[in-house]
Structures are given as C-alpha cells and as structure tokens.
Amino acid sequence: MEVGTWAVVVAVLAAYMAWFWRMSRGLRGPRVWPVLGSLPGLVQHAEGMHEWIAANLRRSGGTYQTCIFAVPGVARRGGLVTVTCDPRNLEHVLKSRFDNYPKGPFWHGVFLDLLGDGIFNSDGDTWVAQRKTAALEFTTRTLRTAMSRWVSRSIHGRLLPILADAVASKAHVDLQDLLLRLTFDNICGLAFGKDPETLAEGLPENEFASAFDRATEATLNRFIFPECLWRCKKWLGLGMETTLTRSMAHVDQYLAAVIKTRKLELADAAATHDDLLSRFMRKGSYSDESLQHVALNFILAGRDTSSVALSWFFWLVSTHPAAERRIVAELCAVLAASRGAHDPALWLAETFTFEELDRLVYLKAALSETLRLYPSVPEDSKHVVADDYLPDGTFVPAGSSITYSIYSAGRMKTVWGEDCLEFRPERWLSEDGTKFVQHDSYRFVAFNAGPRVCLGKDLAYLQMKNIAGSVLLRHRLAVAPGHRVEQKMSLTLFMKDGLRMEVCPRDLAPFLDEPCGVEAAAAAAAAAAASATAPCA
C-alpha cells in the first residue's frame, strides 16, 4: 500500500476515533465499543439480560443511553437507545407525550406477519378504532362471566384432575407447561369461542396451537438479527422465515374456517355467542383478515402473560411458607363465611363465585407482588417521533428508541425501598391488612399505563385468583429436587426449563383448629368484603 493511501487510512481512523470519543463521553450505562457499540455487552449478558439492565439502571440513577451501532450518522438517531425505569419518564412517555412515542416501524415490521395491524401492533387511527371497540367489550359483565365460565371449566375439568393424578402417582409436573395449556384453551374460548383442548387428558398436541407456537417463536427470532438480514431471509425463504410462512398459512386456514362458520351462525338472530370475535363482528364491518388479526392479537396477549405470572407466583409461594399459609388461611376464611365454617368438603365442592374471588385481598397482593418482581413482559420499547426532553433532563432525538424496563422498575430502592428485592405481599395492603392498596401505575407498570393500559387487567386478576386459589386450597407444591428455576431470555419472562414441581395433598385441618377459629376469620373476611368498593379484582 502506498504512503498516500496509508495516510488517508490513518486520517480516517483518527477522525473516527475522535468522533467516537466525543460521542461515547455523553453516554451513560454499559461500555460502548467502536463500531459495535453496546452489542458485545448484550451478547455477553444475553442469559441474564434483565438483571444486567437493572444493574446498569441502578448505577446510572434510573436512566442511561447507549448506542447499538457506533457509526457516524446512525449512532445519534436510529442506533441510539435510551433505557429508563424512572416513574417520571414512564409517565411522560406512556401518557403525557403519548403521541410522540408510538410502537414505531421496527416493532410493526417484526410482528406484521403474525399480528397484522391488530390492536397490539398498530398506532394512530387504526389503533384508536380497535381500542374503542375493545374497551366497550372489556367493561361488560357478560365478558367477565364468559371468562369465568371458561376458566372454571378448565380448572375443575382438566387441571385439578391432572394434579390429583400426580399426587396418586407421586409424579412431578411441569406446572409452567400446564398453565400455558390452560390459558391457551381459555383465551381461545374467549377470543373466538373454540376450545383447542390442549390441557385434555394425555396433553395432546393441537395443530393450531403448535402452528401458533412456531409462528410466535419465528417472529421473536427476528429481534436477534438486523432488519435487513431477516427481510432478506424472508425474501429468499430461508431459515425461521420459512417456518413462519408455513405456520401462518396453517393458522390463517384454521381461523378462516372459524370466521366463516361464525358468520353463518350470527346470521341467525337467535345466536348467543359471547366471544370477542362475535362481538367485533356485531360492532362493525371488518374484513376476514382484520377479524383474524383481532383474534390473534388477543390470543398472544392473553395466553403467555397470565400463565407466566402464575408460574412465578407458585414458585415464590412454594419458597415463602409464611405467605402460603396466609393465602390458604384467607381462602378458608372467605369460604367459611360464604359456605359454612365446619365442613371443608363444601369449600371444595363448587367453583369460586365472583364475590368470593373479590374478597381474596391477600391473594391479590401476592399476585401483584409477583408481577412487581417478575413482570410477564420485562422490557418494552417505543419509537421517538420528534426531538424531546424527558423529565429527568435526558435529550431523546427523533428516530431513536426508548426502552422502558418494567423488570427494573419493580427493583429500584429509590422507588420501593431497601427491601425492594424481597417478596413481601404486605406492601400492597392497608395498615389493618383488610384492603388492597393500588400503587401508582408508573411505579408498577406490569399492566402498562396511560392510554395503552391493559384492558384485560381485571380479567387477568380474576383468572389468576381463580387458578391460584383452586390449586392452593387442594395442594401443596414444592420445586422438584435438582430442578433449577432460571429466566429464559424472551419478550415474555418464561422459566428457561419449565417449573417442575412435586404435588402433595393439602390438609385443611390445621386451619380449622387454629386458636382464633375459622368463625372469627370468616367474620373478618365478611367485614372486609362489606368495606370493599371495587367490583371484582
């Protein structure tokens, strides 16, 4: 190489390093490398991503900025990522300047094949129209009744018999898998009125469920690669993109048949379908493709979130016996007040009523505490439309992105106190322990916040209370010997190797024989119910 060429190369490298030094000085958080940005750190900490992000946020006071690609012209726009868990910033992004922080083109592109322009993958007028329709439906008692019917049938007809068989055979169960199957059956029933029966005896494989799982996995795989690469693989029909195309063809065929049949059924004025698909059909003139997207969006949102939350709940309760005892004591007290104090057989004979579930204050506190520590969706992101300043003074340029760490938001001492890493349901109770105390929605972001707050929050609590109460009233659970509980790096906070548990029968006699007596506890539960003002948690 000639001297002149070497001089040019050296000059370019010197100019780049000078630019990189100035650029990186303004960034807080993980180390940024030339060209590669923060990618080496992301790869290094891939297996413990959420804890790594939380540690970075603690060191930086709740907000930091980093760049994915340290390249001039990109690093301060598309390559810049602002990561935050500061409640002030969350309120600003999710509410105050909502229109400046949509999901954005990257998110929309990744999920387009799976979710189309459905409610969880759209912005602007498209999102507003679907949100209004869905909001009206989620406030109706009939939808809550439909959810309760599907859940109760799955619990008592499928889940409890499987657990009873595990007790009899002394076999371990993968509770995460059982809960995923249960919530998939429930959300399919609620979304389009058909039960895939994945939790049936023998845990059969369902073609629609399998195709949906493959399509979801292939979609999430897109987050691993640069957009240009997965788009190229899609065009060439390579790798997971082929899996996505084939799986979505099966999903579309299945849902097309459901929609065709439902339209014929709804032509009969006497039809009484109460699923979400039927409700959307009655509300407006949606194309078949739009109706498919409606169903798929609610399935994706409603399946994994509740089952993952319950998996972490059962693990936490199994490792905190004092909390478990208090949950079971509350269950006994509430049932004694409504069904009689002296015969536990009556407590187990029927499903929970709405009123009984509403009285389970400590159980709701334990579920909320679980979601604080292990939110089902640990990280979420937004696109920045126009230059802006966050309340903490951080400048966010147009074209960059903001990641708000829901996982970290529940683990900051500045927000939750010195015991923020402890499982303590009492932090959600009033001083006398009889009422549930809701924390600010920008400190506790497990159900999102602002205009996009989760419409199914109350239904989720209803479902989780029903499942958790039904199981803990009948069984004691313990992690199987040798089984390690670890987080799986995914958009949803799955357990890496499932949740293998031992199942033992629950002896309710000690709760009848306590010195205070079940009658006194039942009276306390009745008093708490009388003072409650919320409809159903």
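The model is predicted: local features need pLDDT of at least 70, side-chain atom pairs count only at pLDDT 80 or more, and totals for chains, interfaces and linings use all residues. Residues are numbered from 1 along each chain as its sequence is written, and side-chain values use heavy atoms, with hydrogens and water left out. Helices (H or I, at least four residues) and strands (E, at least two) are DSSP runs, numbered from the N terminus.

**Helix α13 and the cores**

- Helix α13 covers residues 288–318, and its end C-alpha atoms are 45 Å apart.
- In α13, 25 of the 31 residues are buried (buried is under 20% relative accessible area, exposed over 50%, partly exposed in between; 1.4 Å probe, protein chains only).
- The largest nonpolar core has 141 residues (a core is a set of buried Ala, Val, Leu, Ile, Met, Phe, Trp, Tyr and Cys residues joined through side-chain atoms within 4.5 Å). F192, I299, L310, F313, F314 and I327 touch the most other members.
- Helix α13 gives this core its largest share, 16 residues.
- A second, separate core has nine residues, including F20, L27, C67 and A70.
- Beyond four places in sequence, I299 contacts F184, I187, C188, A191, F192, F208 and F212 (contact means heavy atoms within 4.5 Å).

**Buried threonines**

- T370 sits in helix α17, residues 361–373. T370 counts as buried because its relative accessibility is 1%.
- Residues up to four places away aside, T370 touches A309, W312, F313, L316, P375 and F423.
- T492 lies in the loop between β8 (475–479) and β9 (500–505). Its relative accessible area is 12%, so T492 is buried.
- Neighbours within four places aside, T492 contacts D304, V308, S376 and P378.

**Surface patch**

- W33, V35, L36, F69 and V71 form a nonpolar surface patch. Together they have about 420 Å² of accessible area (Shrake-Rupley method, 1.4 Å probe; for residues, only the protein chains shown count as cover).
- V71 is in the loop between β1 (63–67) and β2 (80–84). At 33% relative accessible area, V71 is partly exposed.

**E91**

- E91 belongs to helix α4, residues 87–96. With a relative accessible area of 32%, E91 is partly exposed.
- Leaving aside neighbours within four places in sequence, E91 contacts S96 and Y442.
- E91 and H273 are 182 residues apart in sequence and 38 Å apart in space, C-alpha to C-alpha.

How values were computed. Patches are made of residues with over 30% relative accessible area and no salt bridge: like charges are joined within 9 Å, nonpolar side chains (Val, Leu, Ile, Met, Phe, Trp, Tyr) within 5 Å. A salt bridge is a side-chain nitrogen of Lys or Arg within 4 Å of a carboxyl oxygen of Asp or Glu. The expected span of a helix is 1.5 Å times one less than its number of residues.
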